[in-house]
Amino acid sequence: MDANSTVKLIAGVLAVVLVGGGLRTEAHVRRMAEIAHSLDRAGSRLVLCGRPPIGADVPATVVEYDNEGGAFAVTDYLISLGHRRIAFVGAGEPEHTTTGARLSGFLDAHATRGLEVDQELVVSGNYDRESGYRQTKMLLDRGAGMTAVVAVTDVVASGVLAALRDAGVRVPEDVSVVGYDDIPLSGDLDLTTVHLPHEELGRAAVRLALHRDEYALDQHLMLGTHVVIRSSTAKRES
Amino acid sequence: MTESTPGRRRPSTGPTLADVAAHAGLSPATVSRVLADNYPVSRSARQRVMNAVRELNYSANTHARALAAGARSTTIAFILADVRGQSFADAAHGVEREAAKQGWLSLIGTTQGDPDRELALVQLMREQRAGAVVLIGGIMEDAADYRQKLTELARSLHAAGSLLVLCGRPSLGDDVPAAVIEYDNENGAYALTSHLLSQGHRRILFLAGPERQSTSNERLAGHRRALSDFGVPDAPELVEHGVFTRASGYQSMRRAVAAGTDFTAVFAATDVVAAGVYAAAAEHGLTIPGDLSVVGYDDVELAQDLRPRLTTVHVPYEDLGRTAAQIAVDDQHLQPGWTGDHRLFKTHVVIRSSVTRPESPRQVDGNRG
């Protein structure tokens with residue numbers, strides 16, 4: 001993406017909202033900062049929605065959610081149920097801000113309880129259902145012996161559930177499964193997950209970006225996430 | 001429903017003014033006076049007419065309602081307990097902005113939290129032919145008499161082409177022709193307590209508003225549902241009732257500390273109450289969030305000015321006010337068959353700097369107290 005042509009393309013637009021995570025690489029962050037400055041000079045505004053800030057001096061509106069906190073909370077919940085061998089499915093792109101934050105929360109929850117994470121249980125994959133299926137099958141084939149799975153998204157969790165079902169593994173009696181995002185699908189699957197305030201993220205992004213003077217003190221907002229407990233998780237009988 | 005077109009005239013099957021008169025055992029003229037409120041009528045006659053209106057589910061026909069609408073003024077009355085509170089002031093701002101945009105005037109009246117005064121003000125605004133009356137704030141849940149009176153006022157306002165709009169308070173019932181604009185109060189509290197529990201807090205002091213006050217009770221219900229979902233027992237000594245002021249937060253906090261109550265976090269029912277908790281914490285040499293995590297509710301500007309900045313639940317007060325004015329100005333409620341309007345705004349947690357994990361998360365399950 002060339003910064004100047006992008007700015008020309010959106011000349012006259014009040015704000016440009018980027019939704020979702022992005023790469024954390026130095027080159028990418030630098031390019032984003034250039035775009036933010038160009039937009040600012042053109043009287044427009046870069047809005048990052050669901051993505052961390054790219055630097056204190058960069059003129060951008062940031063509305064993010066507590067991605068790491070949600071992963072910490074849901075992992076801590078599994079630990080509190082007695083799980084000690086917990087897999088993380090979908091760690092393929094740790095430089096992606098969303099994946100990175102969720103993985104950090106997962107690792108931090110273990111560290112806080114003084115638990116070691118078996119690196120064998122942290123497996124790759126992206127945000128597809130197919131990837132969740134494949135990675136779970138591989139864990140089972142390898143005899144990884146996990147009693148719970150944290151999937152990087154609800155969609156990935158749906159693949160995890162399918163793989164477990166095909167292998168005759170019962171959820172939650174044998175293995176507990178949690179997702180992330182609380183999309184409508186997770187209600188249908190009765191999946192324990194982390195709720196994101198999707199609608200409010202969008203609303204807040206537009207409100208702050210269009211009324212920059214009024215909300216000058218609040219151009220960086222972090223919205224909360226919380227665990228939604230459904231029936232894909234159960235106590236680990238020891 | 002649109003207006004009837006020639007050749008497709010809708011048969012008039014609904015009750016008429018004459019039916020109401022017959023049902024009430026009064027003359028049509030008296031019924032008309034009560035509904036138009038343009039002539040003194042005895043209290044008992046008024047009561048009988050309003051009962052008949054309710055029992056027959058009477059609504060004036062389009063023509064009469066259009067006439068009534070012509071008679072209503074382009075004034076919105078906004079009634080609140082006290083103009084000094086930031087949250088309702090934000091809502092008032094939303095009403096004013098929208099009203100001004102539509103060429104309407106807005107009037108503000110205060111009740112000092114007295115339900116009788118509120119009823120009297122609504123009645124007064126009705127007599128003044130206000131185009132709509134907007135009420136904001138919770139109610140006492142056990143006031144059946146008040147509820148009955150307000151229901152009657154809602155009906156008579158609607159019959160006169162005006163409208164009662166309830167903001168941030170429970171509906172009067174599906175059969176009452178009023179607009180209700182709520183925010184997801186209970187879920188906001190649920191999300192906030194879940195956030196504290198996720199951080200490892202297990203003993204959370206909840207500083208509630210008055211017992212049986214609807215706003216406070218919805219927040220307490222959300223808090224308790226989260227505790228229950230996380231399997232944390234609900235200890236009675238961890239709920240203190242007070243009022244929604246800074247002084248009340250200060251006193252409740254001091255009382256809890258003096259009583260030796262063990263807690264690692266405080267959930268203040270409003271941001272203003274949280275400001276009182278900050279003051280008491282400072283006096284006791286407690287650092288926020290190092291020694292004590294504190295959260296509020298409402299996300300008024302104060303939340304950004306407190307140090308550390310306060311984690312809270314965002315309530316879109318200005319949007320509530322703006323929407324109230326939009327519904328009031330819109331003539332949808334003058335259409336035949338209109339049975340009320342119900343809007344629900346979402347709430348969300350805003351994470352700032354007043355919460356951290358308790359020093360030893362599991363220790364609080366034990367016997368520190």
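**Close-up views of a predicted two-chain model**

**View 1. Two helices of chain B, H1 and H2, in contact.** In chain B, residues B:Leu17, B:Val20 and B:Ala21 of H1(B) make contact with B:Pro28, B:Val31, B:Ser32 and B:Leu35 of H2(B). Sorted by class, the residues of this contact are six nonpolar and one polar, with no charged residue among them. The model shown here and in the other views is a predicted one. Helix H1 spans residues 17-24 of chain B and helix H2 residues 28-36, and their axes come within 8 Å of each other while crossing at roughly 105°. Because angles of 65 to 115 degrees count as roughly perpendicular, H1(B) is described as roughly perpendicular to H2(B).

**View 2. Packing of helices H6 and H7 in chain B.** Two packed helices are described by the angle between their axes and the distance between the axes. For helix H6 (residues 115-127) and helix H7 (residues 144-159) of chain B, the angle is about 10° and the axes are 11 Å apart. Angles under 35 degrees count as roughly parallel, and H6(B) and H7(B) are therefore roughly parallel to each other. From H6(B) the contact draws on B:Pro115, B:Glu118, B:Leu119, B:Val122, B:Gln123 and B:Arg126, while H7(B) contributes B:Tyr146, B:Lys149, B:Leu150, B:Leu153, B:Ser156 and B:Leu157. By class, the contact of H6(B) with H7(B) comprises seven nonpolar, two polar and three charged residues.

**View 3. The interface of chain B and chain A.** Here 21 residues of chain B are in contact with 21 residues of chain A. The area buried between the two chains is about 2,000 Å², with carbon and sulfur atoms giving 48% of it. Three residues, B:His348, B:Ile351 and B:Arg357, supply 25% of the area that chain B buries against chain A, which is more than any other three residues supply.

**View 4. Polar and charged pairs across the interface.** Three salt bridges are found across the interface of chain B and chain A, and one of these pairs B:Arg352 with A:Asp218, whose closest N and O atoms are 3.5 Å apart. Across the interface there are also six residue pairs in polar contact, with both residues at pLDDT 80 or more. On the side of chain B that touches chain A, helix H8 (185-198) and strand E12 (348-350) each supply at least two residues. The largest share of this side, five residues, comes from H8(B). The residues of this side divide into six nonpolar, seven polar and eight charged.

View 5. Most residues other than glycine have a negative phi, and most peptide bonds are trans. In chain A, a cis peptide bond with omega of about 5° joins A:Val171 and A:Pro172, and A:Pro172 lies in the loop between helix H6 (154-166) and strand E7 (176-178) of chain A. In chain B, the peptide bond from B:Arg307 to B:Pro308 is cis, with omega near -5°, and B:Pro308 is placed in the loop between helix H12 (302-305) and strand E10 (312-314) of chain B. A:Asp190, although not a glycine, has a positive phi of about 60°, and A:Asp190 sits in the loop between helix H7 (184-188) and strand E8 (193-195) of chain A.

How values were computed
Residues are numbered from 1 along each chain as its sequence is written. Chains are lettered from A and ligands numbered from 1 in the order in which they are written. This is a predicted model: local features need pLDDT of at least 70, side-chain atom pairs count only at pLDDT 80 or more; totals for chains, interfaces and linings use all residues. Side-chain values use heavy atoms; hydrogens and water are left out. Contact means heavy atoms within 4.5 Å. Buried area is the accessible area (1.4 Å probe) that two parts lose on being put together, summed over both. A salt bridge is a side-chain nitrogen of Lys or Arg within 4 Å of a carboxyl oxygen of Asp or Glu. A polar contact is a pair of N or O atoms within 3.5 Å; within protein, one must be able to donate a hydrogen and the other to accept it, and residues adjacent in sequence count only if both atoms are side-chain atoms. Helices (H or I, at least four residues) and strands (E, at least two) are DSSP runs, numbered from the N terminus. Ala, Val, Leu, Ile, Met, Phe, Trp, Tyr, Cys and Pro count as nonpolar, Asp, Glu, Lys and Arg as charged, and the others, Gly among them, as polar. Axes are lines fitted to C-alpha atoms, for helices over the stretch in contact, and angles run from 0 to 180 degrees between N-to-C directions. Angles under 35 degrees count as roughly parallel, over 145 as roughly antiparallel, 65 to 115 as roughly perpendicular and the rest as oblique.
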